[in-house]
Amino acid sequence: MRNTIKEFIEPTNKEKSALWKEAVFVFDTNVLLNLYRYSAKTRNSLLEAFENFKDRVWIPYQVAVEYMNRRCEVIYETVLRYDQFKKEIDSFTGKAVEILRLTSNDEEISDLQRYLFKWLDHNKDTNLLVVSAEEDEILEKILTIFDGRVGSPMDETELNKLKEEGKNRYEKSVPPGFKDDKKKNSPTDDHNAYGDLIIWKQIMSYAKEKKTGIVYVTHDQKPDWWNIVKGKTIGPRTELRKEFYVETNQEFHMYSMHGFIHTYNKMNENPIDKSAVDEVIGLEKSDLVNREISNHGGSLSEKIAVLEDTIQKIQNRILRRQKILDELKNEYSRQGNVMPENIQLQYDNTILKKQELEKIYARKCQDLSILKNTLHENKGL
């Protein structure tokens, strides 16, 4: 009976421990990109942990491509956070002058402003390792860790076949990736929609070829990867376990970054510092709350409030990307230089991302209009 329903049985701690010691570790795109978002202490701790698995790490070609396509966007978004916070300091001190009826040249306000700017500059110098795409120490470390440990790309025939399979899988809500079905830009540009499925297929192909179990570490918390019951994450989707075992005859397990660190600390003599754990958990919780908000039910008024909040966040993301585009364009225009090929590629990708967000923004605004009209009609009854 056990083998017949194998995918439904959670592995024991002993089985997880054995897989941890023997399997190949595969990290998803967001795990790599979040290294730019963490503080220096957390980032260095995680990179050191990755290096400890250097002989047993691997990433699919699709992960490498997604990482490189989004790297510059994440770099400049992170840099812009500091610039935005400087404006918040000016706004805060200005509000203090207004509310407390102080003069703009009040000595205490000036001291406070200088202190906040000094603190921000220190935080930036301490934690912001990468400020431009050309000088990227994180990229260099990732290239070293995964040197010779990146999969091969699928050829056009394989990709077309996979996308046809993907259409059928998504219609039946077969994981992974069916939650990304709406990411298609056009019939000929659907890598965003099928990215997770491409990664999944490449992982299984590697496991089958190398005859190895896989531990997949992902920041993705969507239910097309995880078996979530009453808000509690149990483990990988049972469909994924079954497909992996049938295709490869190997074991498969998944960890969130929090789960990875928790297990790493139990299995290693030099644990990752608690502050790093707290930071990772904080980022995971933030993303989880955002996902829950976007899926929130409740009354029409609640839905409208949630949708308005979502629209504001999308608008902010559009503005951030536009600022990235403007700054890149102005930087090279001032110097009279043509953008290097890799920067031009990132510039073009940022435009595409902005266009995607603008389409989502338009749809959300339309949904908001419908909800508000419905609420108005209900009140008239």
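First, the ground rules. The model is predicted, so local features need pLDDT of at least 70, side-chain atom pairs count only at pLDDT 80 or more, and totals for chains, interfaces and linings use all residues. Residues are numbered from 1 along each chain as its sequence is written, and side-chain values use heavy atoms, with hydrogens and water left out.

Let's start with charge pairs. A salt bridge here is a side-chain nitrogen of Lys or Arg within 4 Å of a carboxyl oxygen of Asp or Glu. The whole structure has 18 of them.

Take Glu-165 and Arg-169. Their closest N and O atoms are 3.2 Å apart. Why are they separated by about one helical turn? Because they sit four residues apart in helix H7, residues 156-171. Helices are DSSP runs (H or I, at least four residues), numbered from the N terminus.

Now, cover. Buried means under 20% relative accessible area, exposed over 50%, and partly exposed in between, with a 1.4 Å probe and protein chains only. Glu-165 is partly exposed, at 30%. Arg-169 is buried, at 7%.

Arg-169 has another partner. Its side chain meets that of Glu-243 in a salt bridge, 3.0 Å from N to O. This pair links distant parts of the chain: Arg-169 is in helix H7, Glu-243 is in helix H9, and they are 74 residues apart. Both Arg-169 and Glu-243 are buried.

Next pair: Arg-237 and Glu-239, at 2.7 Å, N to O. Arg-237 is buried at 15%. Glu-239 is partly exposed at 33%.

On to Asp-196. Where is it? In helix H8, residues 191-210. Asp-196 counts as buried, with 11% relative accessibility. Its side chain makes a polar contact with the side chain of Trp-225, at 2.9 Å. A polar contact is a pair of N or O atoms within 3.5 Å; within protein, one must be able to donate a hydrogen and the other to accept it, and residues adjacent in sequence count only if both atoms are side-chain atoms.

Last, back to helix H9, residues 238-248. Its buried residues include Thr-238, Leu-240 and Phe-244. Just after H9, Asn-249 takes a positive phi of about 60 degrees.

Glu-135 has a relative accessible area of 60%. It lies in the loop between helix H5 (107-127) and helix H6 (137-145).

Technical notes:
Helices (H or I, at least four residues) and strands (E, at least two) are DSSP runs, numbered from the N terminus.
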